[in-house]
Amino acid sequence: MAKSRVQFICQNCGSVHQRWAGKCDACGEWNTLVEEGTAGGIGSGPVNTRNARKGRAVVLTSLSGDIEDAPRIVSGIGELDRATGGGFVRGSALLVGGDPGIGKSTLLTQAAAALASKGHRIVYVSGEEAVAQIRLRAQRLGVASTPVELAAETNVEDILATISDGKRPDLVILDSIQTLWTDLADSAPGTVTQVRAAAQAMIRYAKSTGAAIVLVGHVTKEGQIAGPRVVEHMVDGVLYFEGEGNHHFRILRTVKNRFGPTDEIGVFEMSDKGLREVANPSELFLGERHAKSPGAAVFAGMEGTRPVLVEIQALVAPSSLGTPRRAVVGWDGARLSMVLAVLEAHCGVRFGQHDVYLNVAGGYRISEPAADLAVAAALVSSLTGLALPADCVYFGEISLSGAVRPVAHAQQRLKEAEKLGFGSAVLPLGSEEVVGGNGAGGIAAGAFQPTELSDLVARIAGSPRSRADEGE
């Protein structure tokens with residue numbers, strides 16, 4: 001029998017320490033080392049070389065050859081299939097994370113019911129809720145009659161024995177990975193050792209049988225999936241379910257996908273009947289727009305292959321503080337500071353005595369630099385008190401020299417704007433092929449293409465003289 005010994009494992013990064021310390025040497029986090037015992041299994045070091053089996057030779061092949069598409073299980077929920085790259089891949093493992101109560105279980109229950117109604121065998125295993133609670137949710141969603149197989153269990157060995165009995169399941173949903181435990185690890189459920197061992201056992205089952213596995217993960221207060229980051233490297237895809245409690249829509253964002261794109265999103269709307277797909281999210285983000293108010297600019301952005309129009313709101317107000325406030329919601333604060341510095345250095349617009357507040361309407365988050373031009377337009381509009389044209393969209397990257405740089409997918413952005421009724425656009429000069437009329441439609445005729453940010457500031461303020469007066 002293997003001799004048990006004690007180790008201290010970081011609950012943030014999973015590194016192993018022989019002695020306790022207040023700070024983890026690997027990741028630098030404090031008070032994350034937890035004592036865990038090993039019994040010759042997980043994390044107990046190298047095995048006895050006398051009992052190690054001899055390896056077998058594998059077949060080597062070349063890079064050239066036939067390529068087959070990954071076999072997928074299409075759920076029929078368009079936004080979910082978009083985020084996963086076309087459906088669940090057989091034999092793959094998917095990790096879904098999100099804040100508590102954001103709708104992870106609701107989405108997976110709807111997906112399980114949709115697949116089960118098509119004849120697939122779906123197994124839903126919950127480690128946090130009883131079967132009665134899942135049934136109540138299914139009744140509220142109107143899917144209680146679908147043949148989804150339920151279980152409330154946390155032991156990995158019992159789960160594997162259950163799903164191995166009978167026909168191989170097409171999809172297994174485990175809610176959540178932090179509640180699972182295995183006999184191979186001598187530690188409490190939720191610890192790094194248990195989470196890693198349980199995930200490894202379920203992924204091994206998926207690869208050997210061809211069943212798709214969905215693992216639900218908790219999210220920490222920093223917004224990352226709780227547990228060791230090594231679990232994210234073990235799975236084939238990672239999805240984050242985002243949303244604000246005071247907003248009725250949710251965004252399913254792909255951050256890792258070995259079988260599809262990693263920049264797609266799926267948009268859902270939360271209702272009393274569950275999650276509803278939002279086929280056109282631009283109408284949702286622009287639904288409560290006030291067209292005549294200063295400081296509002298519509299940004300034509302891209303999320304993967306989907307163009308999304310959102311409103312960027314700016315408020316520039318005189319400050320009584322020595323150091324004015326800079327508050328940002330939905331965008332990068334460092335990038336806002338860069339845009340303010342470019343406006344001051346190259347355009348003569350002064351913000352040193354003003355508080356600046358920037359918000360992306362609807363709780364949406366923007367990560368691409370193409371929003372620089374829309375942010376600058378909203379800031380100048382708020383400072384001058386002049387409203388921007390209601391039928392104009394903005395996109396373009398601003399360099400530190402004050403130049404406006406071109407961005408990708410200009411044609412898709414303009415098509416989405418024209419579909420929603422916008423008649424003009426402000427975009428970088430490097431988009432002549434779009435403005436030339438290659439499918440851009442009537443919106444291209446009213447496009448304004450500044451080479452420098454000062455050109456846009458002068459256009460908003462009316463003239464260089466009035467712009468300088470407003471800046472002073």
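Me: Is Arg335 buried, exposed or partly exposed?
Reply: Arg335 is partly exposed, with a relative accessible area of 22%. Buried means under 20% relative accessible area, exposed over 50%, and partly exposed in between (1.4 Å probe, protein chains only). This is a predicted model, in which local features need pLDDT of at least 70 and side-chain atom pairs count only at pLDDT 80 or more, while totals for chains, interfaces and linings use all residues. Residues are numbered from 1 along each chain as its sequence is written, and side-chain values use heavy atoms, with hydrogens and water left out.

Me: Which residue forms a salt bridge with Arg335 at 2.8 Å?
Reply: Asp372 does, 2.8 Å being the distance between the closest N and O atoms. A salt bridge here is a side-chain nitrogen of Lys or Arg within 4 Å of a carboxyl oxygen of Asp or Glu. Arg335 belongs to helix α8 (residues 333–347) and Asp372 to helix α9 (residues 372–384), 37 residues apart. Helices (H or I, at least four residues) and strands (E, at least two) are DSSP runs, numbered from the N terminus. Asp372 is buried, at 0% relative accessible area.

Me: And where does Glu397 lie?
Reply: Glu397 lies in strand β20 (residues 397–398) and Arg335 in helix α8, so the pair ties together parts that are 62 residues apart in sequence. Glu397 forms a salt bridge with Arg335, with the closest N and O atoms 3.6 Å apart. Glu397 counts as partly exposed, at 22% relative accessibility.

Me: How many salt bridges does a search of the whole structure find?
Reply: The search finds 16 salt bridges. Among them is the pair of Asp236 and Lys207, whose closest N and O atoms are 2.8 Å apart. Asp236 is buried at 4% relative accessible area, whereas Lys207 is partly exposed at 44%. Arg90, Arg168 and Asp170 are linked in a network of salt bridges.

Me: Changing topic: which residues of helix α3 are buried?
Reply: In α3 (residues 131–141), the buried residues are Ile134, Arg137, Ala138 and Leu141. They cover an arc of only 100 degrees around the axis, which puts them on the same side of α3. The arc is that of the directions from the helix axis to the C-beta atoms.

Me: What do the buried residues of α3 pack against?
Reply: They pack against α2 (104–116), β7 (122–126), β8 (149–152) and β14 (274–277), contact meaning heavy atoms within 4.5 Å.

Me: Which exposed residues are on the face turned away?
Reply: That face of α3 carries Arg135, Leu136 and Gln139. Just after α3, Gly142 takes a positive phi of about 75 degrees.
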